[in-house]
Amino acid sequence: MLLTKIKELFKGLSSWFLRGNNRVKLLFLFISLFLWFIIKLSQTGYHSPSHFKLDYYDLPLDRILLKEGPDNIQIDLEGSGFSLLRYKWFNSSSVAIDINSLPELEDGRRYWLTNKNLREIESDLGLVGTQILKIKPDTLFFDLGRLMSKKVPIVANYNADFDTNQFVLYRKIRLSPDSVLITAPAQDLWKIEEIYTQPILLNEPSDSMQVEVALDIPKVKNFQAEFAKTTAILEFSSLAEAKIEVPIIAINNPDSTRFEIIPNKAEILYRTALRDFKDIRADEFLVYANYNDIAENPEARFISLKIESPPQAVRYLQINPQRVEFIITPL
């Protein structure tokens, strides 16, 4: 029912418009409205708020903005309708702020006062026949941080994807270069003690190899590194297993007692890199039983064995037996 009425109304308007006199009247009505609109826009005294983009430049070389400033400011303008319409809907102008020339507060922040920079704002915006009434905000603050640099060591992030019971990293990974100059805001820089590499994942070792690896750059704003990659030099060796028998030494026994260990020798099972196998000597192992471990427990029957300062080339070791019997007799 409603659709039918709408169709009838549209049909009636169409027939009215097609009459000759009515078309002329409508044309004159449009022309009158257009002229009235033009006259109104040419008059002055209109007020309108407009937003203008802000452009920051000339930031000091050793400083960075800790917080980004606002993207735009609101300026209330007074002028003709044409000029305000231009700034309201067809505005491409922006206000430029020279950060380096701004006055500085005691806390290091810099500030920009709009009422002190009206001429510069008018010049940047190219205001003609338009007056600035008010600007929001009236003051902009810029929190600047100081950029600082220091050199930190690079640490290899190494993972083995092979049987480490058969092969071993023979020497500490060498990096070339092994340190990097970094630059960051002062409040972040002091927290960074070293820079890691991206993971070095190897699934097939060889005697010697070089791998180019990227640095793991910290997620710190305005962070810079002297370079982004380093070269890791790795050496591997197969492992050899051996057994040796060494005497057990009794220590800290009083002069008034005799401290005997049964048995008085222990077997050491160890692994070392094949390259170092021939250099391992039995006299480098010191296995001992400490009288002090049983002094407060006279009912004990066994004492645990300990090993002190095994050779650095030894990768794994096990003492057999791990504990022994003992006899204490007075002298």
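How many bridges join β17 to strand β20 (residues 286–290), and do the two run parallel or antiparallel?

Modeller: Four bridges join β17 to β20, and the two strands run parallel. The model is a predicted one, in which local features need pLDDT of at least 70 and side-chain atom pairs count only at pLDDT 80 or more, while totals for chains, interfaces and linings use all residues. Residues are numbered from 1 along each chain as its sequence is written, and side-chain values use heavy atoms, with hydrogens and water left out.

Two terms need their cut-offs. Strands are DSSP runs (E, at least two residues), as helices are (H or I, at least four residues), and both are numbered from the N terminus. Two strands are said to pair if DSSP finds at least two bridges between them.

Strand β17 covers residues 229–251. Strand β10 (residues 167–169) runs antiparallel to β17 and is joined to it by three bridges; Leu 169 has Phe 236 as its partner in β17. Strand β11 (residues 174–176) is antiparallel to β17 as well, with three bridges, and Ser 176 is partnered there by Thr 231.

The loops come next. Between β17 and β18 lies Asn 252, whose phi is near 65°, a positive value in a residue other than glycine. Asn 252 is partly exposed, with a relative accessible area of 44%; the term denotes values between buried (under 20%) and exposed (over 50%), computed with a 1.4 Å probe on protein chains only. Asn 222, not a glycine, has a positive phi of about 65° and is partly exposed at 32% relative accessible area.

A cis peptide bond, with omega of about -5°, joins Ile 262 to Pro 263. Another cis peptide bond leads from Asn 320 to Pro 321, with omega near 0°; Pro 321 is placed in the loop between β23 (314–320) and β24 (323–330).
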